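Had a look at this one for you. My notes are below the structure, point by point.

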Amino acid sequence: MARSSARPLSPHLGIYKWGPHMAVSILNRAMGVGLATVGMAALVWWLVAASTSKEAYDLFMSWASWWPGKVVAVALTFTFFLHLCAGLRHFVLDLGAGFELQTNRAWAWGTLIGAFVLTGLTWLLIIWKGL
């Protein structure tokens, strides 16, 4: 049985034009995996250290206050806020609104900008309060 070559392949990656809405959707999934793995590992380490001994907690705090630990903390904060904003975006899409291309792109940019702003505000508050 021969296949007609006039029939288009559906859908093929070559026909899509990448936009912020596609990137945010993929980032949302990646950030969920990051939160589930790295975030959960950090949370469990902190809880175990806090519940066992002062030495274990001091070891955790020495890692957390070292610059790579701070980078991980800022990255986890950004990951949380991006996943939160993208989840709200998907909730609106699930309600049936925002499917127009320009609206979808605007929501995607808003998701990225919102995550950066919320992360910055959170860490400004943490630094200002001296936590």
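The points cover a helix packing, the aromatic pairs and one threonine.

1. Keep in mind that this is a predicted model.

2. Start with α2 (residues 54–65) and α3: their axes are 4 Å apart and the packing angle is about 75°. That falls in the 65 to 115 degree range, so the two helices are roughly perpendicular to each other. On the α2 side the contact uses Trp63, Ala64 and Ser65, and on the α3 side Trp67, Gly69 and Lys70. Sorted by class, that makes three nonpolar, two polar and one charged residues.

3. Next, the aromatics: the count is four pairs. One of them is Trp45 with Phe60, with ring centres 5.1 Å apart and planes at 90°, hence edge-to-face. This pair links distant parts of the chain, since Trp45 sits in α1 (residues 20–52) and Phe60 in α2, 15 residues apart. Trp45 is partly exposed at 38% relative accessibility, whereas Phe60 is buried at 11%.

4. Phe80 and Phe81 also pair up: the centres are 5.2 Å apart and the planes are at 65°, which makes them edge-to-face as well. Phe80 is partly exposed, at 42% relative accessibility, while Phe81 is buried at 13%.

5. Last, Thr77, which belongs to α3 (residues 67–94). Is Thr77 buried or exposed? Its relative accessible area is 15%, so it counts as buried, the cut-off being under 20%. The Thr77 side chain reaches the backbone oxygen of Ala73 at 2.7 Å. Setting aside neighbours within four places in sequence, Thr77 is in contact with Thr119, Thr122 and Trp123.

Methods: Residues numbered from 1 in each chain as written. Predicted model: local features only at pLDDT ≥ 70, side-chain atom pairs only at ≥ 80, totals over all residues. Heavy atoms only, no water. Buried < 20%, exposed > 50% of the residue type's maximum accessible area, 1.4 Å probe, protein only. Polar contact = N/O pair within 3.5 Å; in protein donor to acceptor, adjacent residues only side chain to side chain. Contact = heavy atoms within 4.5 Å. Axes fitted to C-alpha atoms, helices over the stretch in contact; angles between N-to-C directions. Parallel < 35°, antiparallel > 145°, perpendicular 65-115°, else oblique. Nonpolar A, V, L, I, M, F, W, Y, C, P; charged D, E, K, R; others polar. Phe/Tyr/Trp six-rings, centres within 6.5 Å; stacked < 30°, edge-to-face > 60°.
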